[in-house]
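These are my notebook entries on one protein and its ligand. I record what I looked up, in the order in which I looked.

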Amino acid sequence: MEKDTPQKRDIIFYIRRFDPEHDEAPWLQQFTVQVERGMTILDGLHQIKETQDSSLAWRFSCRMGVCGSCAMLINGKPALACNTQILEVTNHIITLAPLPNFAIIKDLVPDLRPLFEKHRYIHPYIKREDLEEMTNPTGEYFQSPQELEKYLQFTYCIKCGACIAACPTMATDREYLGPTALAQAYRYNTDSRDGGFKARKDMVEFPHGVFSCHYAGECSRVCPKGVDPARAIQLIKRELVLDYLKLKRHKKPALALNPSEREEQKPRTLAPPFTVES
Ligand code: SF4
Ligand code: FES
């Protein structure tokens with residue numbers, strides 16, 4: 001078979017620059033980058049920094065779509081720079097800008113503090129009344145694969161902020177809790193080990209909470225991890241309405257298993273099979 005030869009191509013990058021210490025307003029800078037097959041936007045940015053302008057700023061860490069720090073506006077759409085192949089989105093021109101709906105620290109670096117503050121606000125952890133078992137555990141809380149399945153999708157969130165950047169409600173109301181935090185509120189409410197629904201109810205119901213969502217669905221369209229925050233938000237609304245009508249079934253959070261029960265449950269709690277051959 002003929003070996004693939006990498007085809008190099010000049011791609012023009014238009015990058016929105018802004019340094020709050022020197023600039024009164026954002027401005028566009030043009031760079032030409034020689035791109036070959038397999039190069040990501042992140043690779044292109046590194047090349048620009050190394051060979052053309054060392055003052056360009058953006059944020060990254062893992063380079064593999066896991067840390068969530070490299071999200072930016074790529075050709076007008078929020079996406080991960082490390083997860084986007086340049087030649088898959090353009091043959092000629094690419095535009096890069098920081099995520100909308102956040103303040104800008106510098107160039108392509110958004111200030112993600114509101115995202116993390118709102119995430120912290122909804123208590124993104126298992127909440128229970130039996131604090132003794134939480135602090136001095138005697139066993140594991142049992143959870144069946146079916147119970148895990150109910151919230152698993154929402155655990156894939158990497159807090160990249162792409163959904164917030166795409167959200168039209170957030171564009172008009174910066175106090176809105178937003179898709180990231182609300183998806184995580186649903187994730188914990190749905191966890192069979194959690195008993196925090198009542199405590200989170202007031203947090204998600206307030207005027208800038210879940211009912212501010214108009215169900216545009218943009219958050220789910222841009223999410224790089226398939227979390228589907230729009231779905232989580234509609235499911236929280238449903239839970240709240242059922243609770244208001246006193247139709248919601250409040251299940252007690254799962255109890256800790258004693259050693260003999262643990263033995264019984266073993267076949268149901270096996271680790272999932274390896275995804276790659278060793
Ligand atoms: S829900 Fe998706 S888009 Fe939003 S922060 Fe999490 S991973 Fe990013
Ligand atoms: S560098 Fe971690 S997600 Fe892109």
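How far does H11 reach from its first C-alpha to its last? I found that H11, with 16 residues, reaches 23 Å, close to the 22 Å expected at 1.5 Å a residue; the expected span is 1.5 Å times one less than the number of residues. Helices (H or I, at least four residues) and strands (E, at least two) are DSSP runs numbered from the N terminus.

I noted the conventions next. This is a predicted model, in which local features need pLDDT of at least 70, side-chain atom pairs count only at pLDDT 80 or more, and totals for chains, interfaces and linings use all residues. Residues are numbered from 1 along each chain as its sequence is written, while chains are lettered from A and ligands numbered from 1 in the order in which they are written.

Entry on the whole protein. I counted twelve helices and seven strands. The C-alpha atoms fill a box of roughly 65 × 55 × 30 Å along the principal axes. Of the 278 residues, 32% are buried, that is, have 20 or more other C-beta atoms within 10 Å of their own, with C-beta atoms placed from the backbone.

Entry on H11. I listed its buried residues as Pro229, Ala230, Ala232, Ile233, Ile236 and Glu239. They pack against H6, H8, helix H9 (197-205) and helix H10 (218-222). Just after H11, Lys246 takes a positive phi of about 60 degrees.

Entry on the core. Of its 57 residues, Met72, Leu96 and Leu182 touch the most other members. H8 provides the largest share of this core, six residues. Domain 1 (8-110) and domain 2 (113-261) each give at least three residues to this core; the bounds come from an automatic or database domain assignment. Beyond its neighbours within four places in sequence, Met72 is in contact (C-beta atoms, placed from the backbone, within 7 Å) with residues including Trp58, Leu96 and Leu108.

Entry on ligand 1. Which residues come nearest to ligand 1? Among the 15 around it (C-beta atom, placed from the backbone, within 6 Å), I found Cys157, Cys160, Cys163, Cys223 and Val227 to be nearest. Helix H6 (162-166) and helix H8 (178-189) each supply at least two residues of the shell, and H8 gives the most, with three.

Technical notes
A residue is buried if 20 or more other C-beta atoms lie within 10 Å of its own, exposed if 12 or fewer, and partly exposed in between; C-beta atoms are placed from the backbone. A nonpolar core is a set of buried Ala, Val, Leu, Ile, Met, Phe, Trp, Tyr and Cys residues joined through C-beta atoms within 7 Å. Two residues are in contact if their C-beta atoms, placed from the backbone, lie within 7 Å.
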